[in-house]
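Biologist: Could you take me closely through one part of this model, namely a pair of packed helices and the aromatic rings around it? Please give the cut-off behind each term as you go.

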Amino acid sequence: RAGAPEAAEGEAEGPRYEVLGLTKLKCLAYIARTFGVRNLLPVLLPAEGAPAPDAYLARTEMFFRTWGVPEGARKAWRPVFARWARHAAQAAADGEALGRQRYLEVLEAFLESEPSVAG
């Protein structure tokens with residue numbers, strides 16, 4: 001592999017990279033909550049105007065690429081992000097403020113119905 005650090009004598013090259021990938025997958029629920037939900041909340045619920053679920057879902061695709069989320073995990077998270085976008089948009093339409101201070105409580109309640117990715 002070009003640019004990969006050389007393995008020490010008697011050490012296999014692959015496991016280092018596999019451990020990094022495994023660690024990322026183990027932390028995926030946290031990463032998705034932080035970077036896929038919290039950091040993208042202003043895209044989904046802009047300060048001015050109506051909720052923007054389509055813009056939010058487009059940005060979640062950037063999140064997947066940026067973090068190198070494997071396709072299998074993407075398939076699991078895409079519908080969750082889509083349901084979250086609808087849920088948050090409906091909550092905002094119902095007058096519930098979901099700013100950075102309140103979103104986590106609403107997200108936790110939402111994720112209780114999403115046990116496969118709740119982490």
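Modeller: What follows treats the helix pair and then the rings. This is a predicted model, in which local features need pLDDT of at least 70 and side-chain atom pairs count only at pLDDT 80 or more, while totals for chains, interfaces and linings use all residues. Residues are numbered from 1 along each chain as its sequence is written, and side-chain values use heavy atoms, with hydrogens and water left out.

Helix α2 (residues 28-38) packs against helix α5 (residues 71-93) at an angle of about 45 degrees, the axes being 12 Å apart; helices here are DSSP runs of H or I with at least four residues, numbered from the N terminus, and axes are lines fitted to C-alpha atoms over the stretch in contact, with angles from 0 to 180 degrees between N-to-C directions. That makes α2 oblique to α5, a class left over once angles under 35 degrees count as roughly parallel, over 145 as roughly antiparallel and 65 to 115 as roughly perpendicular. Leu28, Ala29, Ala32, Gly36 and Val37 of α2 meet Ala73, Trp77, Phe81 and Trp84 of α5, contact meaning heavy atoms within 4.5 Å.

Phe63 lies in helix α4 (residues 53-67), 18 residues from Phe81. Ring pairs join Phe63 and Phe81 with Tyr56, Phe64 and Trp77 in a cluster.

Conventions:
Helices (H or I, at least four residues) and strands (E, at least two) are DSSP runs, numbered from the N terminus. Rings of Phe, Tyr and Trp (its six-membered ring) pair if their centres lie within 6.5 Å; planes under 30 degrees apart count as stacked, over 60 as edge-to-face and the rest as tilted.
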